[in-house]
Amino acid sequence: MSPATARFERLSRSPEQTVEFGRRIGAALRPGDFLALHGDLGAGKTTLTRGIAAGLGILDRVASPSYLLCHEYPGPVPFLHLDAYFEARMDGVLADGLVERFAGAVVVAEWAERLGAWLPADRLELELSGQGAERLLRFGASGPESAARLEDLRAALPAPETEGKP
Ligand SMILES: Nc1ncnc2c1ncn2[C@@H]1O[C@H](COP(=O)(O)OP(=O)(O)OP(=O)(O)O)[C@@H](O)[C@H]1O
Ligand SMILES: [Mg+2]
């Protein structure tokens with residue numbers, strides 16, 4: 001991640017708030033965007049993705065794709081929800097043509113670091129961490145296109161009133 005990239009953070013205090021963050025993120029994403037999600041088991045990646053799907057206008061219920069590796073949701077924008085937890089199996093699915101479907105879709109990948117060389121160079125990054133009901137969401141970008149979208153996300157996720165104040 002370039003040091004020049006303007007990262008930012010948001011704190012969620014409940015699963016519902018994480019879904020709402022996701023909804024705003026989904027409304028700001030565009031075809032061709034790739035969002036790499038990071039965080040431990042139970043960090044909230046699938047919870048956030050439910051909101052993202054809603055924000056994209058997808059009406060289907062979003063399930064965890066852990067065992068299916070990838071769900072494709074039809075909607076106003078094609079949406080691919082990936083889970084690379086089982087990285088060896090994911091590798092085969094990507095090599096079988098999944099990677100070619102990234103270009104025209106919004107792609108959200110759980111356990112994205114396990115995608116290795118399949119990971120697009122220019123991508124949004126989001127790490128979730130925390131315990132109890134709190135999750136810290138750390139946003140970043142790894143290239144020029146994602147850096148521009150990162151600013152859209154920042155605008156879509158109003159900062160707490162304290163941010164920027166001395
Ligand atoms: N602020 C919060 N945001 C999101 N989830 C939260 C929050 N507080 C508590 N939780 C709980 O944490 C769990 C998150 O589960 P979720 O399936 O979204 O995690 P995940 O990162 O997708 O895990 P996995 O790596 O197994 O796919 C849920 O049980 C949810 O209710
Ligand atoms: Mg999950």
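Helices α1 (15-28) and α2 (45-55) each put at least two residues into the shell around ligand 1; helices here are DSSP runs of H or I with at least four residues, strands are runs of E with at least two, and both are numbered from the N terminus. This is a predicted model, so bear the cut-offs in mind: local features need pLDDT of at least 70, side-chain atom pairs count only at pLDDT 80 or more, and totals for chains, interfaces and linings use all residues. Residue numbers start from 1 along each chain as its sequence is written, while chains are lettered from A and ligands numbered from 1 in the order in which they are written.

**Around ligand 1**

- The shell holds 18 residues, and the closest are Thr-18, Gly-44, Lys-45, Thr-46 and Thr-47; a residue is near if its C-beta atom, placed from the backbone, lies within 6 Å.
- α2 gives the largest share of that shell, three residues.
- Sorted by class, you get four nonpolar, ten polar and four charged residues. Nonpolar here means Ala, Val, Leu, Ile, Met, Phe, Trp, Tyr, Cys and Pro, charged means Asp, Glu, Lys and Arg, and the others, Gly among them, are polar.

**Helix α1**

- The end C-alpha atoms of α1 are 20 Å apart, which agrees with the 20 Å that its 14 residues should span at 1.5 Å a residue; the expected span is 1.5 Å times one less than the number of residues.
- Thr-18, Val-19, Phe-21, Gly-22, Ile-25, Gly-26 and Ala-28 are the buried residues to look for in α1. Buried means 20 or more other C-beta atoms within 10 Å of a residue's own, exposed means 12 or fewer, and partly exposed is in between, with C-beta atoms placed from the backbone.
- Those buried residues pack against β1 (8-12), α2, β7 (135-141) and α4 (144-156); contact means C-beta atoms, placed from the backbone, within 7 Å.
- Arg-24 also sits in α1, but it counts as partly exposed because it has 17 C-beta neighbours inside 10 Å.
- Beyond its neighbours within four places in sequence, Arg-24 touches Gly-55, Ala-156 and Leu-157.

**The sheet**

- Seven strands make an open sheet with mixed pairing, in the order β1-β7-β6-β2-β5-β4-β3; strands pair if DSSP finds at least two bridges between them.
- β1 and β3 (70-73) are the edge strands, each with a single partner, so one side of each has no neighbour in the sheet.
- On average, neighbouring strands are turned by 15° against each other, direction ignored.
- β6 (residues 124-129) and β7 are antiparallel over six bridges, with Glu-125 opposite Gly-140 in β7.
- α4 packs on the sheet, touching β1, β6 and β7, and its direction makes about 145° with that of β7. Axes are lines fitted to C-alpha atoms, for helices over the stretch in contact, and angles run from 0 to 180 degrees between N-to-C directions.

**Strand β5 and what follows**

- Five of the five residues of β5 (residues 106-110) are buried, so this strand is largely enclosed by the rest of the structure.
- Val-106, Val-108 and Glu-110 cover one side, Val-107 and Ala-109 the other.
- β2 (residues 34-38) runs parallel to β5 and is joined to it by three bridges; Leu-35 has Val-108 as its bridge partner.
- β4 (residues 79-83) is parallel to β5 too, over five bridges, and Asp-83 stands opposite Glu-110.
- Trp-111 lies in the loop between β5 and β6, and has a positive phi of about 55° although it is not a glycine.
- Trp-111 is buried, with 21 other C-beta atoms within 10 Å.

How values were computed. Two residues are in contact if their C-beta atoms, placed from the backbone, lie within 7 Å.
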